[in-house]
Amino acid sequence: MGSEPILAAEKLVKTYGRKRALNDFTLDVVAGEIVGLVGANGAGKTTFIEIVAGLVRPEAGRVTVGNVDAVKNPRAARKLLGVCPQETALYPSVTVAGHLRLFGTLAGLHRTALRRAVDDIAQLMQLTEVLAKPAGLLSGGQRKRVQAATALVAERPLLLLDEPTVGADPQTRSALLDVVAARAAAGAAIVYTTHYMPELAELGATVAFAHAGHVTARGSQAELSLDELFPVAAGGVS
Amino acid sequence: MSTLEATGWTSPSPRWAGAARVAALIQVNFGLITREPGAVISRLVQPIVLITLMRPLYVAALAKDGAQAGTSQVVTGMLVMFSLLALSLSAGAILLERILRTWDRLRATPARPIEMLIGKAVPAFALLALQQAVVIGFGVVAFGLHVANLGLLALAITCWALTLMGIGAALGACLRSFSELNAAYDVGGLLLSALGGALVPLAQLPRWAQAIAPASPGYWAMSALRSALLGHPEGTLRAVGVLLAIAAATAALAAWRIGRGWPRSRLM
């Protein structure tokens with residue numbers, strides 16, 4: 001895989017009122033790499049993903065996706081990435097197939113390529129049996145899989161997955177981890193936020209630990225000490 | 001070789017991708033309306049029922065102004081009032097996207113904001129135009145409402161539908177809950193239609209109400225529709241011009257509010 005980063009974020013700053021959500025947040029992800037972004041609630045993980053996705057503008061810093069400046073040209077950057085939000089955002093009366101076709105089309109797929117992509121992701125995420133069902137009639141686990149499938153229906157060089165397995169059943173978790181691993185093997189750069197370290201071990205992900213709005217430690221799980229992974233509890237970084 | 005080329009990735013976005021995105025968004029939004037048609041049916045049936053029941057009263061009250069005056073007043077009045085109440089549909093469509101968090105989900109795709117707005121606007125426009133066409137058509141078929149100039153009437157209906165879309169988009173973008181929206185279209189819709197002369201002819205309103213009536217979009221809608229029914233181009237065009245200005249101002253407000261975003265994205 002390439003050594004030039006697909007995602008390069010440098011010294012990002014973002015404040016909400018008096019709270020500094022990101023404080024010199026810096027992170028690179030190269031092609032084929034899965035970075036597990038971990039940290040307590042409020043550490044800045046979601047804000048970081050929102051900035052990369054062009055939903056929020058930082059006050060300072062720089063983000064590039066591929067060679068595109070994601071702050072100055074967010075739409076061009078969005079063509080290069082898929083986002084799976086933490087909270088389910090589906091239309092209750094629209095079918096699973098309708099969701100996949102919509103997000104596939106919005107990502108630039110059409111006709112044969114769209115049909116093939118919808119069939120493929122439905123099979124991989126174990127949704128083929130419920131393609132004709134409205135999202136409002138699905139179980140919680142199925143909705144989680146649809147949510148992830150909308151982000152994965154078009155292959156993208158960068159995937160941003162924000163706690164995609166929270167509240168998911170084992171079947172959903174297993175299906176998702178398989179697809180994520182396969183996308184990374186195909187060359188996608190992946191940012192995966194989670195609170196479950198075993199998932200990152202299963203994915204062979206490197207770990208970036210976020211605390212108080214910046215990345216305090218980065219490396220493989222084996223390389224990072226408990227002090228680096230849990231700096232507050234260990235009396236480390238504040 | 002760029003970073004992306006090194007990964008072997010190529011963009012799937014063809015030149016017509018924008019049109020395909022808009023078509024996909026329109027299709028989904030039409031689906032959202034047609035799968036839950038209760039509110040639409042209600043807004044179509046209510047004016048027809050009220051026109052049928054109240055027409056004799058209006059005909060008797062306005063007999064001195066000619067045979068058509070009562071019918072014209074009740075049809076255009078009910079049309080304006082119930083199209084203002086139908087703001088709940090267009091505003092609700094945008095508000096629902098925010099509450100479901102699907103709006104931010106769409107914002108995270110390559111879709112342009114204007115494509116997302118067109119996807120929302122086309123079904124809402126079709127619905128509002130259909131409502132007006134049904135009400136006018138009912139007046140013509142059931143009560144012999146005379147249409148002097150069909151072209152002017154189509155223009156008036158189109159511009160009023162655009163104005164309603166603009167107001168609806170502004171409400172959907174600025175309000176925070178369905179409770180606020182209900183209050184806005186219940187109270188606002190009734191007030192604006194009454195001030196516009198939709199319930200009681202303008203000449204019968206109190207002097208203070210007549211003085212502030214032009215501040216209501218309903219006043220200009222009534223004026224455009226009545227002038228079109230009578231075949232008066234000058235009156236129709238003047239009223240249509242004001243309606244288009246209101247449509248542009250409210251659409252600009254909605255675009256500004258949506259572009260600015262909400263305090264924090266609710267996507268994640």
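A:E87 is partly exposed, with a relative accessible area of 32%, and I begin with this residue in our predicted model since its side chain meets that of B:R101 in a salt bridge, at 2.9 Å from N to O. This pair crosses between chains, and on the chain A side A:E87 lies in the loop between β6 and α3, residues 96-106, while on the chain B side B:R101 lies in the loop between α5, residues 87-100, and α6, residues 102-107. B:R101 is also partly exposed, with a relative accessible area of 22%.

Let me turn to the strands of chain A. Strands of a sheet pair through backbone hydrogen bonds, either parallel or antiparallel. In chain A, 6 strands form an open sheet with mixed pairing, in the order β6-β7-β8-β3-β9-β10. Because β6 (81-84) and β10 (214-219) stand at the edges with a single partner strand each, one side of each is left without a neighbour in the sheet. Neighbouring strands of this sheet are turned by 15 degrees against each other on average, if we ignore direction.

Within this sheet, β3 (residues 34-38) and β8 (residues 189-193) pair in the parallel sense over 4 bridges, and A:G36 stands opposite A:Y192 in β8. Two helices of chain A that pack on the sheet are α1, residues 45-52, which touches β3, β6, β7, β8 and β9, and α6, residues 170-185, which touches β3, β7 and β8. The direction of α1 makes about 145 degrees with that of β7, and the direction of α6 makes about 150 degrees with that of β8.

Finally, which strands form a hairpin? They are β1 and β2 of chain A, with 2 residues between them, and A:G17 in the turn has a positive phi of about 65 degrees. These strands pair in the antiparallel sense over 9 bridges, and A:T15 has A:R20 as its bridge partner in β2. β1 is also joined to β4 (residues 60-65), running antiparallel, by 5 bridges, where A:A9 has A:V63 as its partner.

Terms used
Residues numbered from 1 in each chain as written. Chains lettered and ligands numbered in written order. Predicted model: local features only at pLDDT ≥ 70, side-chain atom pairs only at ≥ 80, totals over all residues. Heavy atoms only, no water. Pairing = 2+ DSSP bridges. Axes fitted to C-alpha atoms, helices over the stretch in contact; angles between N-to-C directions. Contact = heavy atoms within 4.5 Å. Salt bridge = Lys/Arg side-chain N within 4 Å of Asp/Glu carboxyl O. Buried < 20%, exposed > 50% of the residue type's maximum accessible area, 1.4 Å probe, protein only.
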